2 protein chains.
Amino acid sequence: MTRERIYLFDTTLRDGQQTPGVDFSVEDKIAISAMLDNFGLDYVEGGYPGANPTDTAFFSEKRTQKASFVAFGMTKRAGVSASNDPGLATLLQARSDAICFVAKSWDYHVRVALGCSNEENLRSIRESVEAARAVGREALVDCEHFFDGYKANPDYALSCARTAYEAGARWVVLCDTNGGTQPAEIREIVGAVIAAGIPGSALGIHAHDDTGQAVANSLAAVEAGCRQIQGTLNGIGERCGNANLVTLIATLSLKESYSSRFETGIDAVRLEGLTNLSHAFDELLNRSPNHQAPYVGASAFATKAGIHASALLKDPRTYEHVAPETVGNFRKVMVSDQGGKSNFINALKRRGIDVGKDDPKLDLLISIVKEREATGYAYEGADASFELLAHRTLGTIPEFFTVDSFRVMVERRFDANGRIKTVSEAVVKLDVDGEQVMSVAEGDGPVNALDLALRKDLGKYQAEIADLVLADFKVRILNGGTAAITRVLIESTDGDGTRWWTVGVSENIIDASFQALTDSIVYKLMKNRHMAGRIAAE
Amino acid sequence: MTRERIYLFDTTLRDGQQTPGVDFSVEDKIAISAMLDNFGLDYVEGGYPGANPTDTAFFSEKRTQKASFVAFGMTKRAGVSASNDPGLATLLQARSDAICFVAKSWDYHVRVALGCSNEENLRSIRESVEAARAVGREALVDCEHFFDGYKANPDYALSCARTAYEAGARWVVLCDTNGGTQPAEIREIVGAVIAAGIPGSALGIHAHDDTGQAVANSLAAVEAGCRQIQGTLNGIGERCGNANLVTLIATLSLKESYSSRFETGIDAVRLEGLTNLSHAFDELLNRSPNHQAPYVGASAFATKAGIHASALLKDPRTYEHVAPETVGNFRKVMVSDQGGKSNFINALKRRGIDVGKDDPKLDLLISIVKEREATGYAYEGADASFELLAHRTLGTIPEFFTVDSFRVMVERRFDANGRIKTVSEAVVKLDVDGEQVMSVAEGDGPVNALDLALRKDLGKYQAEIADLVLADFKVRILNGGTAAITRVLIESTDGDGTRWWTVGVSENIIDASFQALTDSIVYKLMKNRHMAGRIAAE
């Protein structure tokens, strides 16, 4: 049976840019458009040329190879001709394959925001589409506030869509601009648009997540007939975000009810790069990936040892809604104090550590892990520390160095100019294979000072840790009061992009940080010797 | 027209506990169950008594006033009688109003995970429900893997549901355990269950977010006839999380298509506490609230200055899908925050501080708060620090003491017996109304030492702070790396049970802690003089 084609339209670089805290440079936009193009998206909307210098510069050349490169902008202003509208002229000059015009389709907004008549707005839509086609561009029209507009005045909303379609727009995109429309309303209104004569093959959906249903609304629109979906990487966007294309791509490809009827430009091989795509984008935004993201999150296929864990290992297929490998993710059964012996053996095996069921060292390791977890260690979030602990207990790694002592001092006082000044200094004494090493450093705080001092001189291992970088640092107080137990989690990366997590626990935050810092360094040394197993998920 | 009642079942403390990184103490569970109970949830599922010491202790008393307090557990094992099953006995002894049994409803899992016959599984369901009812408990049955089970063997899945219902279960809950079911399938299968004779008024839905549609699936089930929704605060839960009750509560209450047909136990007044509920829960988990969360996120009603901002200010109603005040959130236009000034005046008034609209000190205070919030202060979680800052800026409190300097040292070394020892010592120099005071103390960590030194001798104010106790201490790293900005929140209490929160922010965790500690002491002195206003919410 022939499957119908669903077209994927990415607006990460345009609507995604409206996300609080997100501001792409031209270089960011070049990198992201290449990611999207390589992945197989059909349309890459790059921004609004003429609206700001970044977007104007970005549209000075075409930035995609296969995907259609789209410039976004307003329809021509009312009261001027298309050839006399400078905004439209800028759009037509942009080096894009297609132009996506945003058009009002709610009569209230035509009156209040544009201040023109309903008929003038229709003329703007028509003449803008014609102008784009006249210069050889594919035209799309985003019907802004379409669903709210339809509820207020269905005839006018339909006139806007029909005008765009009849003028030659390849796609008429129905936008839930305020994000409050429910899936059942989407289905009904898309059905009404198709009944009014615009074929589903020319209709797109643009959904926002204000009620947590942008994905469901997009799929409801597809079921009702729309054949283009607009969305963003990881669902970034204004307010609560846009429809998450990462989630939608996986669902369209892997869920029988869609994959049997539809196809996208993304095949099974590309789909295996989905987790990477999502994480690479977060990396570019310099933010931690959402562990709970559908399909691609580090926890998406994770199970805490509990009522499901042992059954899961018997037959993962009936405990997972899709196979994690299909999207380039993997299964994770977390080490935790509820885990039994077979969980432990499996957890070690996945890290390349073989240990017999009856080895007394295994029992020792289990009892150490349980004891430590009872005092606040959380190995489920610190795979590298777990692996180190296993190697140490089983006696399968050397002791690279030992710590003789450390001292950290934080002092706040007034400087000579009467300004408050806080200084943090750390001194570390190590024994590296018999060689005494002593280092001192100042830092932005006590942990930073300690980190700098510790990595300043590791004797004969110093060159090996040159590319070690601390990527993240998390502190959790495990119970109330300032005398409470503190747990520190540290994320590290190195030159080849590997990431690993280590943990430290103590009544003393400095002590806890020091444990996690030293574990991170030892893990790196172990990794350099190809002794480290599966790397902590990221 | 009479609206049908939708029952809200919270499983934050049970299924939510499966979230990687989440581990509730008994105290956490007591605090969260009180939050849920006060907010108006119908059912609060507290955990699995007998499965671990925390849950067993938590169920030693009933923890809710109005909500039904629910214990979760397995149906009786096959091969033993209900009266001989120790797990079931523990469940029946728990101090709960209701018992929610989890039961397999996919024949494959009955065979592979339970290793018993289909008929034995039905008997376990029947006898477990009967045993619960015999001791006066309401019975619920979570039909695990119901939707996948239905697809594999509809007759058997329906038999499980019917057996539960006929044995007297108040609710038969259809669980999408693996989270991969699509809304259209949910609608169809719920319809089939109702057609098979189980009324919608006895059916619940339990959805997971593995395809980003837990909310949509829950609503699809309600449309198809289910009248109970299971979910968690902020959607925490295993893998990608459970259905987000915070989002669902708002949608059911505010969206015409639901509110015209249904009602929940949460009225419009309580709904205004929704944003607070969501943020208070994140605070308890010590994690940053999701800015993009539907309805309650800091960005949910935020607009970047762009094509919408000016029109939004003309008429917010047509640019917002609901009014932010209805859920206790507020509008945020990120460039020209015109609502700022009157919001501030109201916030001060609530704390008993009157300031005129044209007072230049008000503008100064607003600019200080904005500047500080931009560097990481979070006054919404630290009312006492906000109140102090206002008094200081307006010049309405005395300077009780000043800090000349402090010094904190943490040292780890081996003691005479070769054991590792870590010592923390702090020295504080104060000027108390012209009197020089210098104190030194050792503590369990640097912050504890600093706290002890600071409160050791406050000169003439010492007697006044004798009943001051630090109740909680939270640390959040605001961006990656060990050189990141650290925010410390401290909760204090005193003899009359008042609680207040103070905040400190610095690159240096010790410095940030010191700011929060001194704010706490000054607030206490102010409170003793009846100058403190409304106390921080808890």
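Strand 13 of chain A and strand 13 (residues 402-414) of chain B pair in the antiparallel sense over seven bridges. Strands here are DSSP runs of E of at least two residues, helices are runs of H or I of at least four residues, and both are numbered from the N terminus. Two strands count as paired if DSSP finds at least two bridges between them. Within this pair, A:Phe406 has B:Arg412 as its bridge partner. Strands of a sheet pair through backbone hydrogen bonds, either parallel or antiparallel.

The model is predicted: local features need pLDDT of at least 70, side-chain atom pairs count only at pLDDT 80 or more, and totals for chains, interfaces and linings use all residues. Residues are numbered from 1 along each chain as its sequence is written, while chains are lettered from A and ligands numbered from 1 in the order in which they are written.

Contact between the chains involves 91 residues of chain A and 90 residues of chain B, where a contact means C-beta atoms, placed from the backbone, within 7 Å. On the chain A side, strand 13 (residues 402-414) gives the most, with nine residues. That side divides into 33 nonpolar, 35 polar and 23 charged residues. Nonpolar means Ala, Val, Leu, Ile, Met, Phe, Trp, Tyr, Cys and Pro; charged means Asp, Glu, Lys and Arg; the others, Gly among them, are polar.

Chain B also holds a barrel, closed by eight strands in the order 2-3-4-5-6-7-8-9 with parallel pairing. Strand 8 (residues 203-206) and strand 9 of chain B pair over three bridges, and B:Ile205 has B:Ile229 as its bridge partner in strand 9.

Is B:Gly235 buried or exposed? B:Gly235 is buried because 27 other C-beta atoms lie within 10 Å; the cut-off for buried is 20 or more, for exposed 12 or fewer, with partly exposed in between. Not counting residues up to four places away in sequence, B:Gly235 touches residues including B:Asp209, B:Ala214 and B:Asn244.

The largest nonpolar core has 201 residues, and B:Val172 is one of those with the most contacts inside it. Such a core is a set of buried Ala, Val, Leu, Ile, Met, Phe, Trp, Tyr and Cys residues joined through C-beta atoms within 7 Å. Leaving aside neighbours within four places in sequence, B:Val172 is in contact with residues including B:Val141, B:Ala161 and B:Leu203. Another core, of 97 residues, lies apart from it, with A:Ala384 and B:Ala390 among its members.

Key
Contact = placed C-beta atoms within 7 Å.
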